[in-house]
Amino acid sequence: MHVHDDLLRRFVDGALDDEVAASVAIHLDSCSRCATRAATLEPLALAFAAVDDPIVPAELPHDILTAIHAPPVPVIEPTLGAELGLALALAAAAALLVVLTGDGPALMVDAAAAMGGASAAFGALSLDLVEPGAALLGLSLGAALLMALGATRDLLGRVFSPGRV
Amino acid sequence: MIQRYTPSVYRFCARMLRDDEDARDAAQNTLVKVIRNLHRYDPERKFSTWVFGIARNTAIDEQRRRRFTTELGDRDLADTRSSPLEETSRQERAERLHEALGQLPPMYREVLVLYHFEHFKYQEIAETLELPLGTVMNRIFRARRRLRELYEAAELPEAPGVHGVVAGAGG
C-alpha cells in the first residue's frame, strides 16, 4: 500500500495537518519507493542535490582522539567557607547601602538595600557562584542586619532629634 | 567510532554554524562528550540520534558563544566534474540554497540539514530533537516553506570563479 499522489503532494507542500502528516512520515520512513517519489516532488530537490558536503579536515579525528585522552579540565568546587563568606559579603553590602544612604526615608532606603542584596544574591546564584542554601542564609542575615540598623537609626533619631516624627 | 562519526558530525556542525573553525570545535567537543558520556547512553535509543542530539546541543552552545559571521569558503561548494555551463547552473543552485539555508532560524535549519543532508528518517529527527513526530513535521513544513521563499529571493553573492568559468567557456 503506497501513498496516493495527491496526498503525497499535499504532504510535500505542507498542506496536511500534523497528525496526518505524521502518519505519512511514518510510512515514508519505511517505504523507499514513496520516499523517493516524495523527494522528486520537492521543488528544491535539485538545489539540495547540487550542494556538496563540507570538506572534513583530515586531522580532525586525530585532534579529537588527542582531546579525549587529555585530562579533563578540573572543576573548581566552591567550599562551604567561601560560600558563607560570599553570603556574608552580600549581607554586608546590603547593610553598607543602608548606612551610605541613611538620610532618605527609611522605608525606601531599606527596600532599595534589600532589593540590591537580593539582586546580588540571585545574580550569584545564576552564575553558580553560591549554593541556594548559602544565598538564602545571606539574604536572611542581610534582612536581620537591616532590621537591626533600622531599629538603631530610629533610636538615634529619637535621641538626637526629639522633635522629628 | 571516531572515524565513523567525525565526518557526519562535522558536516552537520558546518551546516549549522556556517563557519569551519566553529564547526571544527563543535564537532570535536561533540565527540569528546560522546566518549566521556558513553555510560549515559540509553541502548533503547538509536545511537546516531543520541550522537546528533549531543551535536545539536553543542552547536547551539557554540553558536551562543561565538556570533558567527564568516561564511564557509567556495571550496566547500565547488566541485567541477560536469560541463562548464551545467556547472554554472549547479553551482548557482548550490549557492542560492546555501544562502537561503543560512538565513533560516537554527530550529528550521537543523531539521532540514538532518533530513536532506544527513538523510535521517523523520522519526529519527524526532528522536534526535526529543520532540513528538507531529511537531517535527510541522517544523519541517514551515522550514521548507520559508526556505523556498528565501531561495526565490536569494541574491547571489559575487562568485568570481563562476564568471571565470563561463568566460573561459565562451572564449
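Which residues of the largest nonpolar core touch the most other members? They are A:Ala25, B:Val9, B:Cys13, B:Ala55, B:Tyr122, B:Val136 and B:Met137, out of 52 residues in that core. Helix 1 of chain B, residues 2-17, gives the most to this core, with eight residues. A nonpolar core here is a set of buried Ala, Val, Leu, Ile, Met, Phe, Trp, Tyr and Cys residues joined through C-beta atoms within 7 Å. Buried means that 20 or more other C-beta atoms lie within 10 Å of the residue's own, with C-beta atoms placed from the backbone. Helices are DSSP runs of H or I, at least four residues, numbered from the N terminus.

Some bookkeeping. This is a predicted model, where local features need pLDDT of at least 70 and side-chain atom pairs count only at pLDDT 80 or more, while totals for chains, interfaces and linings use all residues. Residues are numbered from 1 along each chain as its sequence is written, and chains are lettered from A and ligands numbered from 1 in the order in which they are written.

Back to B:Met137. Leaving out residues up to four places away in sequence, B:Met137 touches A:Asp18, A:Ala21, A:Ala22, A:Ala25 and B:Tyr122. Contact means C-beta atoms, placed from the backbone, within 7 Å.

Now the contact between the chains. Chain A puts in 29 residues and chain B 39 residues. On the chain A side, helix 2 (18-30), helix 4 (45-50) and helix 5 (60-69) each give two or more residues. The largest share, eight residues, comes from helix 2 of chain A.

B:Tyr122 belongs to helix 6 of chain B, residues 122-129, whose buried residues also include B:Ile125 and B:Ala126. The buried residues of that helix pack against helix 2 of chain A, and against helix 3 (47-65), helix 5 (106-117) and helix 7 (133-153) of chain B. Just after helix 6 of chain B, B:Glu130 takes a positive phi of about 55 degrees.

Last, a helix pair. Helix 2 of chain B, residues 20-36, packs on helix 3 of chain B at about 135 degrees, axes 9 Å apart. Axes are lines fitted to C-alpha atoms over the stretch in contact, with angles from 0 to 180 degrees between N-to-C directions. Among the residues that meet there are B:Asp22 and B:Ala26 from helix 2 of chain B, and B:Ala55 from helix 3 of chain B.

Terms used
Buried ≥ 20, exposed ≤ 12 C-beta atoms within 10 Å, placed from the backbone. Contact = placed C-beta atoms within 7 Å.
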